[in-house]
Amino acid sequence: MNKKMVVVVVAGILMASAVGVVAAILNSGHDLSGQAWNTKEDVCGPCHVPHGANATQPIPLWGHTNTANAGSFQVYTSTTMNVVPGQPSGASLACLSCHDGSVAVDAFGGATGTYFITGSKLLDTDLRNDHPVSFNYWSSTDTELKNDANVTNLLVGGTQVECASCHDPHNGTTGVTNLLIMSNADSALCLTCHDK
């Protein structure tokens, strides 16, 4: 197969996967295409850009402005948890670029933005009542945590608990709430990692 043919095949695969992601995000909580501030009615543009992506984020083609609160979050603590979560990093920090309220949702493509998240979707900087993120799952010796392949599939890089361990920002699946990666009916998602 010549180089030109390889490029065409790879481009076709990328286009097909992009179409699948766009189809999944439509009508989800992250479908921002109908917002008044999104004058191009762009589905992907509020988070991703084809050129000039933010190299400080591990998210492909990340185009949103970073949180102004990096390093200043109050993280989850518990007397029963034997590992200490760090400051949000990686994919979790990308999520917080909107959900901590420090940067406008429409702060992308060089714009400062004016629309900020409010209500239950606003996490702010106090994450003590949210699921812990940005720690190595395998460093915990908690006997109520499972040790199997299903857990590894949820961990970012096979080790890290991040927002993306439970939430898929592109998930518009009917019947799955809060952009979860799967239904949590009967605590199914929680029980992937936790014994109780």
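Predicted model: local features only at pLDDT ≥ 70, side-chain atom pairs only at ≥ 80, totals over all residues.
Residues are numbered from 1 along each chain as its sequence is written, and side-chain values use heavy atoms, with hydrogens and water left out.

Let's start with the layout. The protein chain has four helices and two strands, where helices are DSSP runs of H or I with at least four residues and strands are E runs of at least two, numbered from the N terminus. Read from that end, the order is α-α-β-α-β-α.

How much of the chain is buried? Of its 196 residues, 32% are; buried means under 20% relative accessible area, with a 1.4 Å probe and protein chains only.

Now find helix 2, residues 90–99, on your screen. Eight of its 10 residues are buried, so the helix counts as mostly covered. Among them are Leu93, Leu96 and Cys98. Just after helix 2, glycine 101 takes a positive phi of about 80 degrees.

Next, the cores. A nonpolar core is a set of buried Ala, Val, Leu, Ile, Met, Phe, Trp, Tyr and Cys residues joined through side-chain atoms within 4.5 Å. The largest one has 13 residues, and Tyr137 is one of those with the most contacts inside it. Beyond its neighbours within four places in sequence, tyrosine 137 is in contact (heavy atoms within 4.5 Å) with residues including Leu145, Val151 and Cys193. A second, separate core of six residues includes Trp37, Val105, Ile117 and Cys98, which we already met in helix 2.

Notes
Buried < 20%, exposed > 50% of the residue type's maximum accessible area, 1.4 Å probe, protein only.
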